[in-house]
Structures are given as structure tokens and as C-alpha cells.
Amino acid sequence: MYLSQLKIEGFKSYTEPVEVNFDQKISVIIGSNGVGKSNALDAVIWALGENNFLSLRCEGYNDLIFSGSNKAYATSEADVQLTFEENDEIFSIARTINESGSEKFLVSGQSVSDLNQYREALRDLGLGNARINLVRQDELTNFFSWGSNDRKRYVENFITTQESLQEVNERFAEYLDALMPGTSGQLFYDQSADCVDIEVVFPDKGRRRGIQLSGGERASTALALKLALFHTRPSPMYMFDEIEASLDWTHGHNMQDLLKKLSQDRQLIIVTHFQSTIRMANTVIRPDGSSWLKFHFIMDERLFKIYKCC
Ligand SMILES: Nc1ncnc2c1ncn2[C@@H]1O[C@H](COP(=O)(O)OP(=O)(O)OP(=O)(O)O)[C@@H](O)[C@H]1O
Ligand SMILES: [Mg+2]
């Protein structure tokens, strides 16, 4: 199953209706700063049932609705529709919210009464975990500076038993080695501090705790950990929002190789400014539906010329 189309209207910066088509394997979303790339991913997770304002990058439901600009009036509701395809079968889900906070939910054209039932219907469709499988760059670099309670709470969303901790650690070691060859590590409960932490063992530098890592090491380690945690909650798609920013050339390429491997089993939707990441996408999709260039927003002409070569 994969997300074949996203339709947005009135959501955050989207005043006009916009349709984005995605490829089954890897799709990229590119465009200048501030054009609405991250908002598009917010729209996807919201339509997948996300209700945590922090995850949706807002303070309240009003922030989800287009608040107006110099060129357009504010809209009175936000509407997001997702279409999925699986073996020639197509189905859609949709979520709408208006200014008074009242919501509507649709699953395959049928109205669903509330968020709980909507989430249940999504679980039945195999989309129950999809909203949590989004990685954002700031989350990666900040992960090891979060308060110990926040980090523990996040990890406990995924790990409930000793077996799942062991499973996560096996994957964590595998992904660490892929991102930083020769490196191993583990996630552990620090009983004395009542928190979770990680230990990474580098081939040359030896042992390091999370907080002792450099920016790039931190991003690679947090990515390895998040992917290992995601593995406990299967989902047909993963989304990444500018996760390469702090990686050097080698670590960036290691990450791209790992993403290519992950795309063999699931769909990846990637927001990026990096040419080499853009080149990974199989499809070439434009908002008008033509398919010779990767999906992009209106962008600075100079940027566009650079991206065009990918
Ligand atoms: N409710 C809203 N109404 C109107 N505009 C909004 C609303 N919420 C967010 N925006 C605007 O949406 C714009 C695009 O934000 P977004 O985070 O999607 O940018 P981006 O394309 O990811 O940029 P970057 O490359 O810098 O990460 C921002 O300028 C933001 O102010
Ligand atoms: Mg962004």
C-alpha cells in the first residue's frame, strides 16, 4: 500500500487547493524556504489522525487553518484528503476542521463520528502507525538534549517489554553500523536516574553517551534509534523532513544508502534541499500532474536551475 495522492485546501499556508502525487517508492518534495513543504507533511500526519499540537507544529487547532495573507483572506476550514493504492484498489480518507473546532472524518466515502473511530478505521486499514513515522531534522539534533522524562515517554510509546527493547537494540546496532560504519550501540534504562539513554561505541573514539555526541553524530545516532523504534510499529510509509542538514558528505551518503534500502519495503516521502537526495527519487511529479520533473513548489529561479540538473 502507498500514499498516491495528497489534496490540501485551507490547511496552514494552503489557501488554494493543491494536489500532490507520490510514487510508490521514493518521492521528494523540494522548494524554497517557507513555501509549505513541512506543512504538506503536517497535513499528511493530521489526516492520518495526529492530534498532538507539538507534532503538528502548532499551538492550537486554529493554527491548522489558513490565517490569511496580503493576497488572500483567511479560510474558514482546513480540509486534507489522502488517497492510497494497494494492488489496483484505491481508497481515500479525509479530515476537515472548521473555525469553531468541529471536525469531520471520512473513510472511503463513509462518514465516521469521531477521532477515536477514525483512528480505529485507519488501524483496520493498516494505517494505524503511519502518523508517527515522521522524522524531522530538529527532532534529530535535539533528541539527546530533551529532558529525561520526555525522552523516556517517547521511547515508551514504542517499547513495552524486555523483548521489544532487545528487538530495538538489534535494529539500532544494524542502522548505526549502516550510518557510521564500525559503530555499535545500545539503548538502555538508567535505573538510578530513571531515564533512558544510549551508548555509542565508535571504532576509534570508544564509548560515548548521547549528550557527548557531535551534531552530525547525534543526528545519525538519533536517526538510527528512531528507525529502530519505528520497526516495532509497522507502517507502509516513512516521512523525512530535511534530516541531512548536519551530516557531512560521507554520513549524508550513508544515510541515502540506508534510505534506498528501506524503500525496498515501504514508501518514502522526503523533504530535502540536497541535490544528491533529490536524485534518489524515482518519480518526477509536478503539481499540475505532468510527470517529467520532481514535485516542487514555486521556487527561486536560481534554485530551480540547480535542482533541474538532478
Ligand atoms: N495557519 C497558517 N496560516 C497561514 N500561513 C501559515 C499557517 N501556518 C503556517 N503558515 C506559514 O506556512 C509557511 C510555510 O511553512 P513550512 O514550515 O511548510 O515551510 P517549508 O517549505 O518547510 O520551509 P523550510 O525550507 O524553511 O523548512 C510559513 O511561512 C508559515 O508562516
Ligand atoms: Mg520545513
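The protein has 9 helices and 13 strands, taken as DSSP runs numbered from the N terminus (H or I, at least four residues, for helices; E, at least two, for strands). Its radius of gyration is 20 Å, close to the 19 Å that the globule rule gives for 310 residues, so the protein is as compact as a globular protein of that length. That radius is taken over C-alpha atoms, and the rule is 2.2 Å times the number of residues to the power 0.38. Along the principal axes, the C-alpha trace spans about 55 × 45 × 40 Å.

Keep in mind that this is a predicted model, where local features need pLDDT of at least 70, side-chain atom pairs count only at pLDDT 80 or more, and totals for chains, interfaces and linings use all residues. Residues are numbered from 1 along each chain as its sequence is written, chains are lettered from A and ligands numbered from 1 in the order in which they are written, and side-chain values use heavy atoms, leaving out hydrogens and water.

Now for the inside: buried residues make up 50% of the 310, buried being under 20% relative accessible area (1.4 Å probe, protein chains only). Of the contacts (heavy atoms within 4.5 Å) with a separation of 6 or more, 61% come from residues 24 or more positions apart.

How confident is the predictor? pLDDT, its confidence in each residue from 0 to 100, averages 89, and 91% of the residues score at least 70. Over residues 284-294 pLDDT stays under 50. Where pLDDT is low, the predicted coordinates should not be read in detail.

Technical notes: pLDDT = per-residue confidence, 0-100.
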